[in-house]
Amino acid sequence: MTGDAVLSAERLTKRYGDREALREVSLSAGRGELVAVIGPNGAGKTTLLSILAGIQQADEGSVSLGPREIGWVPQQAALYGKLTVAENLRLFARLEKADDPEAEVERMLELTGLRERADDQVSVLSGGNRQRVNIAIGLLGRQPVLLLDEPSAALDPRQRERVWEFVLSLAAGGTTVVYSTHDIAEAERHAHRVLVLADGELIFTGAPGELEDAVESETSHRGSDFEQAFVAYLKARGH
Amino acid sequence: MRFLLAKDLRILRRSPMLVALLVIYPVVIATLIGFALSRGPDKPQVAFANLVPSSGNEIELGGKRIDVTRQAGPLFRAIDPVRVKTRAEAIRKVRDGEVLGALVIPADTTRKLQAGLEPARVEVFYNADDPVKSRFVRDTIKSQVQDANTALTKELSKVALDFLGLIGTGGEYNFLGRQFDVLGLERSEQILREARADLPRGSPARAQIDEVIRFASLARENLDLSDDVLSSVSAPLKVRQVELDGGATPLSSFAVAIAAAVSLMFITLLLAAGALALEREENAYLRLVRGLVSRTALLLEKAGLAAVCSTLVVTLMLVGMGLFVDLDWGRLPLAVAATAAGALAFAAMGLSVGALTREVRAASLLCVMASLPLTFLALVPSGSVAPALYEVVRVVSALFPFKPSLNALDVALNGGEDLGIHLLHLLALFAGFGVLTRVALNRFA
């Protein structure tokens, strides 16, 4: 699944006053790769994605792609509740200067499975459907990389499953997906590669299986609950 | 930018309650302020008991008859008189709250005026339930009685002057139907001079007659001056009214300018602040400024939307008010220009508010909270506070768009100078608040 790096970031550092929110974090992601960024609250996940998306500037370091080359989906749905699903898609397709905005709207309605809801105002959609539209808008620019900030947060298990089906289909289609989550199981289940951030520092990068091995080797939690083991792992690393 | 504009208009169209409130609320507020400023209180109802018999309405002075009831004319123009027959009835009406006050002219009024030995007194009764109205009635009656007093004094002075003229120059005088020939000082002096000429030289009577002639001459000369003296006594203070700077806008037309400025302020501020805050409330702001739209373009779009909508509403409002208030229709283009300039300045200010807040509700609240003090501050009249404080008020008012908008609308609607300066002032505020908003967006968004 992993090919040549489509997205790479080198030694990203971000400071808020005296506090270092991100310390020399580097990463890369290949075509069609699903990369999960995990870590406790305040670890720097959102800061990392914001810098990759071009919303914030890093104090040091660089990102290989510009903002227009990366699709970005914020944690909270960035949609206009008074507009319909189709109108939201059409507006952003036009702002993205799509060659054929109507064709893009059709493509996204197809992709999200929301064709029947096209004329419904977004305010009446369920959280899951709203998130699908939110992600679809992030894809309108047809960028090769998609950043998802906690895409399944605040969704019930059924809605979460539908969102993940959608995201996995994107990756299968060749889109590189980098997503942040604090749900360890979600990272383990869907990601090809996991990045562990703690206190702004990248403390692990590798496949989910490798993370399990690292956790087991550094803690006494063998075969027990992985989330507990992960917390022990962070503690052992001084976080 | 046009896609965003179309989006905002569509959202507005789908928020009819919001649009209705946005239009109706400022119009109602503006109309109320306009009414409060342009309409004085209604004429107060005052019971009026004239106990002077109809046959005794006139007094006779020096053979001239003066109708004292004529002096009540101005009073009746200032109040709504409820005529009653007795003093008790007048008092009862005040006590029952049927009237705000009562004016009683006692039966002996003209007799006392005629005798001139003691002043005639009228009685005034007030209902003090409502201090404001009570004060108004009291002041109205007091002022009108004062006017009547002055007018009566003037009449009496005229009669006195006629008497003095008679003493000076002599002539016919009618008293109780009998005709008298009054010699007068002038003719007395003449007779004395003729008599003196007939006396032999060295007669001791000549010196005595000379003394009387000197007295008659001196008295006549001084009586000539009495015209001016009595005129001064009858009206010791006269008012000469001179209008200095500040224009001569009728109150009703000024009220139209205030109503328009208030509406313009509310509509534009709420729309601009709400439109920008909505982008953040819907979390769309970061998505937009991440390469889709520049921050400056986004601000210009919101400012344009708010300014165009509010200019349209206020222009329609002016046309509507023009049906009831005398407006010069030829000045409407100037008024539209003033409205548009004010709308741009208010829009920029509204965007500053929108940049500081993350929610539409918070932005709206902040707009209302900021608007009211600015309005009242701009309406503080000179002389009502200490000069140094008034200077502060002027400076603060000049830093916000309400006062300049009011000035521009007033000049545009009612004529005057410096419309160009007011428009430039508003455009400067547009630029200033625009820069402030841009900085605030970088800092807070």
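Visitor: Hi! How many residues does the largest nonpolar core have, and which have the most contacts inside it?
Guide: Hello! This is a predicted model, and its largest nonpolar core has 148 residues. A:Leu147 and B:Leu344 are those with the most contacts inside that core.

Visitor: Which helix gives the most to this core?
Guide: That would be helix α9 of chain B, residues 251-281, which contributes 21 residues.

Visitor: Back to A:Leu147, what does it touch?
Guide: Leaving out residues up to four places away in sequence, A:Leu147 touches A:Leu49, A:Leu52, A:Ala53, A:Ile70, A:Gly71, A:Trp72, A:Val73 and A:Val178.

Visitor: Let's look at helix α4 of chain B. Which of its residues are buried?
Guide: In α4(B), which spans residues 87-95, the buried ones are B:Ala90, B:Lys93 and B:Val94. They sit on the same side of α4(B), because they cover an arc of only 100 degrees around the axis.

Visitor: And which exposed residues are on the face turned away from that buried side?
Guide: There you'll find B:Ala88 and B:Arg95.

Visitor: What do the buried residues of α4(B) pack against?
Guide: Against four strands of chain B: β1 (45-50), β4 (80-84), β5 (101-105) and β6 (123-126).

Visitor: What comes just after α4(B)?
Guide: B:Gly97 does, and this glycine takes a positive phi of about 80 degrees.

Visitor: New topic: how many residues of chains A and B are in contact?
Guide: On chain B there are 15 residues in contact with 19 residues of chain A. Helices α1 (2-13) and α10 (284-289) of chain B each supply at least two residues of the side that touches chain A. Of the elements on that side, α1(B) gives the most, with four residues.

Visitor: How many of the residues on that side of chain B are nonpolar, polar or charged?
Guide: The side of chain B that touches chain A divides into six nonpolar, three polar and six charged residues.

Visitor: One last thing, over in chain A. How do α7 and α8 cross?
Guide: The axes of α7(A), residues 208-218, and α8(A), residues 226-236, come within 9 Å and cross at roughly 65 degrees. The crossing is left-handed.

Visitor: Which residues meet there?
Guide: From α7(A), A:Glu212, A:Val215 and A:Glu218 meet A:Phe226, A:Ala229, A:Phe230, A:Tyr233 and A:Ala236 of α8(A). By class, this contact has six nonpolar, no polar and two charged residues.

How values were computed:
Residues numbered from 1 in each chain as written. Chains lettered and ligands numbered in written order. Predicted model: local features only at pLDDT ≥ 70, side-chain atom pairs only at ≥ 80, totals over all residues. Contact = placed C-beta atoms within 7 Å. Nonpolar A, V, L, I, M, F, W, Y, C, P; charged D, E, K, R; others polar. Buried ≥ 20, exposed ≤ 12 C-beta atoms within 10 Å, placed from the backbone. Arc of directions from axis to C-beta. Core = buried A, V, L, I, M, F, W, Y, C linked by C-beta atoms within 7 Å. Axes fitted to C-alpha atoms, helices over the stretch in contact; angles between N-to-C directions. Left-handed = near helix turned anticlockwise from the far one by under 90°.
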